[in-house]
Amino acid sequence: MTSDDYLVAFDSDGCVFDNMEFKHKACFVPSFIDFFGLQDLPLQAREIWEFVNLYSTTRGINRFRGLKLSLDLARARFAGEGVGAERTSTIPPSPDLDSWIAGARHLSNASLEEEIGRSGSEELKNVLAWSLDVNRRLLEGSPQPFPLAARAVARAREGARVRVVSQAPGNALRRDWGAHGLLDLTEGIFSQEDGTKEDHLRCLLQQTPLPGDRVLLAGDAPGDLAAATATGVLFFPVIPGAEEGSWEEFLHEGLPRFFRGAFAGGYARELHRRFEEALPATPPWEG
Ligand SMILES: [Mg+2]
């Protein structure tokens with residue numbers, strides 16, 4: 001066996017890079033409040049955004065899907081009794097966003113710009129302005145990899161081909177992976193512009209035909225596990241809130257098992273059980 005016989009794909013945000021808290025708390029949340037008229041209920045807006053994008057089964061979702069889910073949850077929450085009932089009318093429906101998300105092949109700024117060119121939708125112009133504002137805020141961060149994650153990427157490269165699969169924009173990924181000497185360890189990056197994680201893995205398997213038990217995806221979101229399951233490859237979870245322990249596990253147990261063909265089965269099931277326990281499906285305010 002050579003390093004061409006194995007492939008390890010790494011998700012970036014919240015997996016290799018310790019940037020999810022900064023991204024969402026310092027960038028997405030303030031822009032969400034500013035661009036969607038939520039200034040009167042900033043605490044609830046923050047709680048909704050963080051539930052959807054950080055602390056639930058939809059963690060790591062594409063930003064536009066995360067926006068739609070957050071707006072839907074905000075409408076449902078504020079329409080109920082108690083807090084903010086009077087604010088229902090100020091969160092208008094978003095039919096253009098909903099239909100773009102339902103129909104678009106890729107959900108990125110570029111494809112949103114194309115849609116605006118076709119439809120001239122004012123609603124979508126606001127979504128694009130929000131997304132660009134988020135990118136502007138993100139530029140102010142300097143994401144660091146989890147210390148053991150950088151070592152894990154290097155260790156994986158010793159025995160396998162390495163790729164990045166992420167829903168972040170490609171330029172941000174090249175910046176972050178390049179700034180820490182990790183880009184040279186990879187054979188390339190799949191980003192937001194290349195479709196969903198499942199698209200990425202299918203494309204990868206086409207370019208590098210390998211049996212599913214020779215391909216391992218490391219990720220921190222249930223969507224990563226779903227993409228791995230759909231494409232028949234192995235999945236190693238980096239558990240939110242326990243990332244360093246997860247990378248320790250990857251280095252000392254997960255990766256060695258992968259290379260010796262002992263990852264699938266009971267070991268993988270136990271990892272996935274621990275991962276699924278860490279993220280709820282129901283918002284705390286509905287519990
Ligand atoms: Mg992630």
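Modeller: First, a term: lining residues are those with an atom within 4 Å of a cavity point, and the domain bounds come from an automatic or database domain assignment. This is a predicted model. The lining of the largest cavity draws at least three residues from each of domain 1 (3-18 + 144-278) and domain 2 (20-138).

Colleague: What makes up the lining of the largest cavity by class?

Modeller: The lining has 6 nonpolar, 7 polar and 7 charged residues. Among its 20 residues, Asp13, Lys23, Gly60, Ile61 and Gln167 lie nearest the centre. Helix H1 gives the most to this lining, with 4 residues. The space in the largest cavity is about 210 Å³.

Colleague: Why does aspartate 13 count as buried?

Modeller: Buried means under 20% relative accessible area. Aspartate 13 has 10% relative accessibility, so aspartate 13 counts as buried. Aspartate 220 has a relative accessible area of 2%, so aspartate 220 is buried.

Colleague: How do you know which residues coordinate the magnesium ion?

Modeller: Donors are N, O and S atoms within 2.8 Å of the metal. Asp11 (OD), Asp13 (O) and Asp220 (OD) coordinate the magnesium ion at 2.1 to 2.3 Å, so they meet that cut-off. Along the chain, the donors follow the spacing D-x1-D-x206-D.

Colleague: Which parts does the pair of aspartate 13 and aspartate 220 tie together?

Modeller: Aspartate 13 lies in the loop between strand E1 (7-10) and helix H1 (20-35), and aspartate 220 in the loop between strand E4 (215-219) and helix H10 (222-231), so the pair joins parts that are 207 residues apart in sequence.

Note on methods: Residues are numbered from 1 along each chain as its sequence is written. This is a predicted model: local features need pLDDT of at least 70, side-chain atom pairs count only at pLDDT 80 or more; totals for chains, interfaces and linings use all residues. Side-chain values use heavy atoms; hydrogens and water are left out. Donors are N, O and S atoms within 2.8 Å of the metal (3.2 Å for Na, K and Ca); water is not among the atoms, so sites may look incomplete. Helices (H or I, at least four residues) and strands (E, at least two) are DSSP runs, numbered from the N terminus. Buried means under 20% relative accessible area, exposed over 50%, partly exposed in between (1.4 Å probe, protein chains only). On a 1 Å grid over the protein atoms alone, a cavity is a set of points where a 1.4 Å probe fits but cannot get out, and a pocket is an open set with protein on both sides within 12 Å along at least five of seven lines; lining residues have an atom within 4 Å of a point. Grid points are joined across faces, edges and corners, and a volume is the space filled by probe spheres set on the points. Ala, Val, Leu, Ile, Met, Phe, Trp, Tyr, Cys and Pro count as nonpolar, Asp, Glu, Lys and Arg as charged, and the others, Gly among them, as polar.
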